[in-house]
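Try each task before reading its solution.

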Amino acid sequence: MTLEKIAKIIAETRDMDATDIKRETSFEEMELDSLDVVEVIMAIEEEFNITIEGADDLKSVGELVDLVESLK
Amino acid sequence: MAFQIVGTGRAVPEYILTNEEVSKLVDTTDEWIKTRTGINSRFVSTHETITDLAAAAGKKALEKAGLDATDLDLIICSTVMAEHASPSLSCLVQKELGAKCPAFDINAACSGFVYGLDIADAYISMGKANTVLMVGAEVMTRHVDWTDRASCVLFGDGAGAVVLQKGDGLKAIHLTAKGDDKLLSIGNTFCKSPFGRQPVLDPHFKMNGGEVFKFAVGAGLKDVKTVMSKAGITSDDIKMVIPHQANLRIFQVIKDKLGLSEDQVASGIDHYGNTSSASIPLMLDELIEQGRLVPGDIIVMTAFGGGLTSGACVIKL
């Protein structure tokens, strides 16, 4: 569920198909730069009502999902 | 709330540096810079000093206001660094213009212009000044590492000025600061001293882009909502929001979150780049000159940057 929601947020930010976004998909593959990542993080914070810190080292969708899960 | 804007002016260096030219200096491309920042070209000082730019912008603003330099009661310049540690940029502008009034500089980085407007408002409200010249002037291209492709592409130089007089143009203003030297910094260099053991700082602009972006968007949205509420206006009342020209993507988020149309967000980053505290007055003068802003229009300025500082205001032109 978290993965689906996050995939939808990323898909909206990058104008891509959410079904192409899997746990193992890396930010690099999706061509997300640092500002895109921040935009995604801000949208996630709003959606899940959480505050995310330490997102600098994240490399993949799976890592982001795990971080969000741990904060919920 | 005590002032109205009675004149605006701007000055930029002669030399225009295009993305193509930048891509000959560092490993980047026109396409990358355009899509990531919205910048096509920027003005870069070659022979012009920051004093030349600030004085030229101030002179034009006075001309448009139909006033003489001797009519000024106060000159404030905002800059991250003037030519000298002393005298201040404002004192040299005063000299160039032939004004007789007190003059001092402020530094609130990219938010400097909005901070200056707040000071001018206080002076005019208290009756300590009737006519104030506020100039935002920066030569950011001398604060960057021209071998660092991530930062050198972002900046440009210029100066923008407004003349303010007693009136009811300013409807609301709000400033913030959150001290931090990690996310965005430019180090000063000092003379060597046999006693000084302090760390030597890097004089080049350094930034954690992602975190600063987050701060800029968050502070910008919050400040704009605060001043809109204080002024009792809605998005429909706003002719244009003039955001600090840092990155096109900040504008896009602000536009979407505030429910503004494309035409309601001023963007000149394509030909200015980021000119720090000069960016808002540069845009303002350009928009007035183009007839896109006219007397009676309600505008919102929003700035954010080093410090970390931010500020926003609502002004009826």
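**Exercise 1: The interface between the chains**

Across the boundary between chain A and chain B, 5 residue pairs are in polar contact, both partners at pLDDT 80 or more. Keep in mind that this is a predicted model.

Task: Describe the side of chain A that touches chain B, and say how many salt bridges cross the interface of chain A and chain B.

Solution. 
- Step 1. Sort the residues on the side of chain A that touches chain B: 5 are nonpolar, 1 is polar and 7 are charged.
- Step 2. Look for charge pairs: the rule finds 6 salt bridges across the interface of chain A and chain B. One of them pairs the side chains of A:Asp36 and B:Arg36, with N to O at 4.0 Å.
- Step 3. Count the residues in contact: 13 of chain A meet 12 of chain B.
- Step 4. Turn to area. About 1000 Å² is buried between chain A and chain B, and carbon and sulfur atoms give 52% of this. In chain A, the residues that lose the most area to chain B are A:Leu35, A:Val38 and A:Met42, together 48% of what that side buries.

**Exercise 2: A strand in chain B**

Task: Decide whether strand β4 (residues 74-78) of chain B is enclosed or open, and find which strands pair with it.

Solution. 
- Step 1. Check burial, taking under 20% relative accessible area as the cut-off. In β4 of chain B, 5 of the 5 residues are buried, so this strand is largely enclosed by the rest of the structure.
- Step 2. Separate the two faces. In a regular strand the side chains alternate between the two faces of the sheet. Here B:Leu74, B:Ile76 and B:Ser78 point one way, while B:Ile75 and B:Cys77 point the other way, and all are buried.
- Step 3. Find the partners. β4(B) pairs with strand β6 (residues 131-139) in the parallel sense over 5 bridges, and 4 bridges join β4(B) to strand β5 (residues 103-106), also running parallel.

**Exercise 3: Salt bridges within the chains**

Task: The structure holds 20 salt bridges over all chains. Take the pairs A:Asp66 with A:Arg23, B:Arg10 with B:Asp285 and B:Asp30 with B:Lys34, and work out what each one links.

Solution. 
- Step 1. A:Asp66 and A:Arg23 meet through their side chains at 3.1 Å, N to O. This pair links distant parts of the chain, 43 residues apart: A:Asp66 is in helix α3 (residues 61-71), and A:Arg23 is in the loop between α1 (2-14) and α2 (34-48). A:Asp66 is partly exposed at 40% relative accessible area, and A:Arg23 is partly exposed at 37%.
- Step 2. For B:Arg10 and B:Asp285, the closest N and O atoms are 2.9 Å apart. This pair spans 275 residues, from strand β1 (residues 3-11) to helix α9 (residues 279-289) of chain B. Both B:Arg10 and B:Asp285 are buried.
- Step 3. B:Asp30 and B:Lys34 have an N to O distance of 3.1 Å. They are separated by about one helical turn, because they lie 4 residues apart in helix α2 (residues 30-37) of chain B.

Terms used: Residues are numbered from 1 along each chain as its sequence is written. Chains are lettered from A and ligands numbered from 1 in the order in which they are written. This is a predicted model: local features need pLDDT of at least 70, side-chain atom pairs count only at pLDDT 80 or more; totals for chains, interfaces and linings use all residues. Side-chain values use heavy atoms; hydrogens and water are left out. Contact means heavy atoms within 4.5 Å. Buried area is the accessible area (1.4 Å probe) that two parts lose on being put together, summed over both. A polar contact is a pair of N or O atoms within 3.5 Å; within protein, one must be able to donate a hydrogen and the other to accept it, and residues adjacent in sequence count only if both atoms are side-chain atoms. Ala, Val, Leu, Ile, Met, Phe, Trp, Tyr, Cys and Pro count as nonpolar, Asp, Glu, Lys and Arg as charged, and the others, Gly among them, as polar. Buried means under 20% relative accessible area, exposed over 50%, partly exposed in between (1.4 Å probe, protein chains only). Helices (H or I, at least four residues) and strands (E, at least two) are DSSP runs, numbered from the N terminus. Two strands pair if DSSP finds at least two bridges between them.
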